[in-house]
Structure formats: C-alpha cells, structure tokens
Amino acid sequence: MALHLGDTAPDFSATTTEGNINFHEWMDGKWVVFFSHPADFTPVCTTELGATSKLHEEFAKRNVHPIAISVDPIEKHKSWINDINETQNTTVNFPIVADDNRSVSMLYDMIHPNASATATVRSVFIIGPDKKVKLMITYPASTGRNFNEILRVIDSLQLTANYSVATPANWEYGQDCIIVPAVSNEEAKEKFPKGFTEIKPYLRTTPQPNLN
C-alpha cells in the first residue's frame, strides 16, 4: 500500500552496516532522511552515498539522521563501502539497510515494477521526529539526487513546522518567507515583529522569523 504525506512511517527491524536496528527506536526523536539506491557497486549510487557522507555536519546541525537501503546483502554493503570511501574521498558515516528479502522496500513502496521488478527506484523519505512522513521524492535509476535540494527542503520543513509561514519557489535559507493565509494582518503584526509586506491580500512576505 502506498504511503502518503502525514502517514506514520512504517516501523521495521533490519540488519544494517552499523548493526541491527529497530527503525522507530533508532530515530531517537530526530529527523530522518531514508533513501533507497537500486544496487551496490553501481556508479550513480556510489556518488550519492559519497555525497551524503560529505554532508554529515550539515545533517547533524539540522538534527537529521540519514539512512540508506538497497536489496543487497550486508556483506556486499560492507565491501562496497570501501569503494565509496576510496573513490569519493570520504568515510561513510551512516547505516545502510540490507534488504535482500525486499521486505522493507515493499513496505515503503520502493520497487516500481514498470521500472524494475527487483531493484528499488531512488526514493527519498523525509520523516519528522513525530515519525510522520513529511516529504517523498522519487527519481529514476538514471538520475542522481541533488542532496543540496534535500537540505533545502529540510530547512523549509523545520521552519514551517514552528512558524506560520510557507516558503516560496526557489527559497533558500535566510530569504523572505510567505505568511500563511490563515493568519490575519492583525495577527501577523504580533507574530512577525520584523514586519511584513502585503503584495496582495493573499501574498504577504516577511523576513525569515527564526533569524536575528
């Protein structure tokens, strides 16, 4: 059954390159980026896991745990990590789930039969500390993911979870936000002491509220 935004991310137990985990316990109140890769020892996946490792500090300062998955066994994962570290000049610093029976991949609808009957597509799930699915993106096997975009989306999700704002097209951290329509102008004056600009009654911008 397909997952939807706002659903509770399914729990599972699995073997990973960092030991056995129970997913919900492993989350430990943090945000999670759960992403699948079609297969070990493949070129695009090698660059993606290298890119994720290099962003360790960026994920950490956002209170985010990355975790990857493919349908390969744990021995193959561990061997592949050596190649990732060597070719991408990094050290893999997050767990990779071994899903050789495809149980977790099926649970998260990561196998799309019209793309491949066995390998996962490039799925991304961003899951909040409340264990709810906040975002889903699916890429084909031929297209590597933009992990800077994933960081950008996390910034937006964390901001909008705490303030009555939305982020406009191409928003980057530090730029103006949009006040949600449910907030009246009178309320906006209280909620956003930096002020706001009314372009249209439904389109009001304000400086990012969590910055000094």
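This is a predicted model: local features need pLDDT of at least 70, side-chain atom pairs count only at pLDDT 80 or more; totals for chains, interfaces and linings use all residues.
**Entry 1: salt bridges**

I started with the charged side chains. How many salt bridges does the structure hold? My search came back with ten.

I picked Lys30 and Asp28 to begin with. Their closest N and O atoms are 3.9 Å apart, and the pair counts as a salt bridge because the cut-off is 4 Å. Then I checked how open each partner is. Lys30 is partly exposed, at 22% relative accessible area, while Asp28 is exposed, at 54%.

Next I looked up Glu48 and Arg122. Their side chains form a salt bridge with an N to O distance of 2.9 Å. Where in the chain do Glu48 and Arg122 lie? I found Glu48 in helix α2 (residues 43–54) and Arg122 in strand β6 (residues 122–127). They are 74 residues apart in sequence, so this pair ties together separate parts of the chain.

Are Glu48 and Arg122 buried or exposed? Glu48 has a relative accessible area of 2%, so I noted it as buried. Arg122 comes out at 3%, which also puts it under the 20% limit for buried.

Then came Glu149 and Arg152, whose salt bridge has an N to O distance of 2.7 Å. Glu149 is partly exposed, with 26% relative accessible area.

**Entry 2: a sheet of strands**

I moved on to the strands. Which order do the four strands of the open sheet follow? I read it as β8-β9-β11-β10, with antiparallel pairing. β8 (165–166) and β10 (197–200) are at the edges. Each of these two has a single partner strand, so one of its sides has no neighbour in the sheet.

Strand β9 (residues 177–179) and strand β11 (residues 203–206) run antiparallel and are joined by two bridges. Across from Ile178 I found Thr205, which belongs to β11.

**Entry 3: aromatic rings**

For rings, I needed two values: a pair is described by the distance of the centres and the angle of the planes. Searching the whole structure gave me eleven aromatic pairs.

One of them is Phe12 with Tyr108. I noted 6.2 Å centre to centre and 90 degrees between the planes, an edge-to-face pair. Phe12 is in the segment before β1 (13–16), and Tyr108 is in the loop between α5 (103–107) and β6. The two are 96 residues apart in sequence, so the pair ties those parts together. Phe12 is buried at 6% relative accessible area, and Tyr108 is buried at 1%.

Tyr108 turned up again with Phe125. Their ring centres are 5.2 Å apart and their planes are at 75 degrees; that angle is over 60, so I filed the pair as edge-to-face. Phe125 is in strand β6, 17 residues from Tyr108, and the pair links distant parts of the chain. Both Tyr108 and Phe125 are buried.

Which residues form one aromatic cluster? I listed Phe12, Phe23, Trp26, Phe34, Tyr108 and Phe125.

Note on methods: Residues are numbered from 1 along each chain as its sequence is written. Side-chain values use heavy atoms; hydrogens and water are left out. Buried means under 20% relative accessible area, exposed over 50%, partly exposed in between (1.4 Å probe, protein chains only). Two strands pair if DSSP finds at least two bridges between them. Rings of Phe, Tyr and Trp (its six-membered ring) pair if their centres lie within 6.5 Å; planes under 30 degrees apart count as stacked, over 60 as edge-to-face and the rest as tilted.
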